[in-house]
Amino acid sequence: MSTALRICPLCEATCGLTLTLDGTRITGARGDRDDVFSQGFICPKGAAFPEVDADPDRLRGPLVRKDGELREASWEEAFDTIAAAIRPLIEEYGPDAVGIVLGNPNVHTMAGALYPPLLIGALRTRNVFTASTLDQMPKHVSSGLLFGDPFAVPVPDLDRTDHLLIVGANPLDSNGSLCTAPDFPGRLKALRRRGGTLTVVDPRRTRTARLADRHVAIRPGADALLLAALVHTLFEEGLTDLGPLAAHVEGVEEVRAAVREFTPEAVADACDVDADTLRALAGELAAAPTAAVYGRMGSSTVEYGTLANWLVDVLNILTGNLDRPGGALFPLSATAPAPRPAGPGRGFALGRRHSRVSHHPEVKGELPMVALAEEIETPGEGRIRAVITVAANPVLSAPDGHRLDAALGTLDLMVAVDPYLNETTRHADVVLPPPPPSQSAHFDFAFNGFAVRNQARFTPAAVPLDEGRMDECEIHARLILAVSGMHGAPPSAVDDLAVDTTLAKAVTQEHSPVYGADPKEYAALLDGANGPERRLDLMLRLGPYDLVLEDLRQAPHGIDLGPLKPRVPALLKTRSGRIELFPAPVAADLPRLRAALETAVPDGLVLIGRRHLRSNNSWLHNTPALGGGSNRCTLQVHPEDAARLRLTEGGLARVTAEGGELAVEVEITDTVRNGVVSLPHGWGHDRPGTRLTVASARPGVNVNQLLDGSRIDPLSGTAVLNGFPVTVTPLP
């Protein structure tokens, strides 16, 4: 028996694990007590790592479609097939004939961070779709508009704040999102132990809400109205105090005028929160020694998602809590570029182009996931004829999966980088399966940029690759070569090109650590057993902490880089070089929110999603150890609504909306407020042709099938997955 360290890749908390090995088999997982960030914390997902890693349904080698059937093939045959099929398509129809779809698990691997940008660049396609428009794009848009950088996302300083206001998030079950924080529950309990205050705004009495000092059971979808009323109250009662940040902010008076109509009395009915409570929330926020407002998926995947995310940071700014300890701060990852001098930047623009069919605006180089099906179905120039998916299952995660399911079946070519045959990848002509996570090295490029404490951790592969497996980074590199006309070149060529391109730019930037150096000489200094490690070493060397890869190797439990620190104005990339508090796209969208003040609150039920601690979207339902407890696909209904609708515990109900209808088991509970029903996302594992033994045995229903894709937040292109009207009736 032996042990090995591994950073858990199963959610955004990035906890350190100590794995127990019997030879090359993972037999156990516990929290790494010496991990500088997670300090031994582990959740059920991390404890199930051995079972996830050894899932017998994981594909062990490539599959290639022959005579209509997916059959086992060699790696050479798989890449030969891709190269032979995709180049003629691009030459005849252009690069936009290929669509790229990146799923949530993609950002949980080193390969997923390093190679998709190169794949998109090699293809030169503009048809890029990611899970961001099903989840977090409103936050990227608001950050881009306010700070000039869509990745400059402030996170709550959980360990030092005195007051935390959470809107539409349930981190006790999600483990945090766009806020990387191992042991989120422990951090919230510590907040309360030191005399701090926790307030949760959520239509459900979630586990997080039960921990709070105050739970506000808002009407779903009204988050932006509530937040606008808090901003109004701060102005009305003279509670704004920007502190040192004032010198770097413009547009305060414009915001004051813009929220004049959003009085607590005006929004109370729409929010179903009384005016006194709204004033109290604003007053408590302003009075706290330090405070932070944090919103997530419940306030993002709604009709006014971008406005809600903008207002979250407006509140942080107006109370002087942005960019100060105990407030909301900007993390600084070890692989972030070295900070540049403060000054104007290029800014952030929306809608530089639009989708072909419905003219949805591009955001951050992406089109809305809801547009994928129509871009495949609709004839004409620019039609998507081939799709490459990377760790994506949009048939379950996007609205109207039936339509997308049918559209994928009409493609000329589909390639999937995925360990499973799931509801989406079953349509692929070629499937390229990465190895289990124990056989891959790990560094969190993405999540360190959202972490509540600056740190850096690298874990090598816990066990060597099985015979016949291919390293995930090599899979991506060979795919890039196959689609770019360089099929047959060594995979190292991709990494060498990335290093050369990065250095060629870095040596010309005066603030870069390698300014003026010879690119070839510096490239020769890079350390690493392979291309990905050399690229990581380069990013560390170009980063803000004077680190190299060997530093991380010598610190297997990680390097603590200290608490978050103020970073304004250096991080600002707006054209003005200041925080632009009232950007034009927000101003143009506010009349839509004002109109909600004049609209009668509709009768009937609205549906919201929910997250389980033992799942992560659609990708952990095939693990037996994670199938117990509350991790069930049930329709939660308040007792009063159940009685009125004659629904019974454990009985079936028909749920109907514009996209379709579902039959689902009823769970009667007062944890949802009346007028609201809740159904978790990620289920619906009942399609033929998959290889998900455990998931298909308890398939559940796909909540997104209730939607037809017409409901989106116009600024971000994000699908409205929460707060939409449904009809519920009992079934025999």
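H232 is in contact (heavy atoms within 4.5 Å) with V259, R260, F262, T263 and P264, leaving aside its neighbours within four places in sequence. The model is predicted: local features need pLDDT of at least 70 and side-chain atom pairs count only at pLDDT 80 or more, while totals for chains, interfaces and linings use all residues. Residues are numbered from 1 along each chain as its sequence is written, and side-chain values use heavy atoms, with hydrogens and water left out.

- H232 is found in helix α10, residues 223-236; helices (H or I, at least four residues) and strands (E, at least two) are DSSP runs, numbered from the N terminus.
- With a relative accessible area of 9%, H232 is buried; buried means under 20% relative accessible area, exposed over 50% and partly exposed in between, with a 1.4 Å probe and protein chains only.

**The three-stranded sheet**
- Three strands form an open sheet in the order β1-β2-β3, and their pairing is antiparallel; two strands pair if DSSP finds at least two bridges between them.
- β1 and β2 run antiparallel and are joined by six bridges; L5 has T18 in β2 as its bridge partner.
- β2 (residues 16-22) also pairs with β3 in the antiparallel sense, over six bridges, and L17 stands opposite G31 in β3.
- The hairpin of β2 and β3 has two residues between the strands, and in this hairpin G23 takes a positive phi near 70°.
- Six of the seven residues of β2 are buried, so β2 is largely enclosed by the rest of the structure.

**Helix α15**
- Helix α15 (residues 305-318) has 14 residues, which at 1.5 Å a residue should span 20 Å, and this agrees with its end C-alpha atoms being 20 Å apart; the expected span is 1.5 Å times one less than the number of residues.
- Because 14 of the 14 residues of α15 are buried, this helix is largely enclosed by the rest of the structure.
- G320, which follows α15, has a positive phi near 75°.
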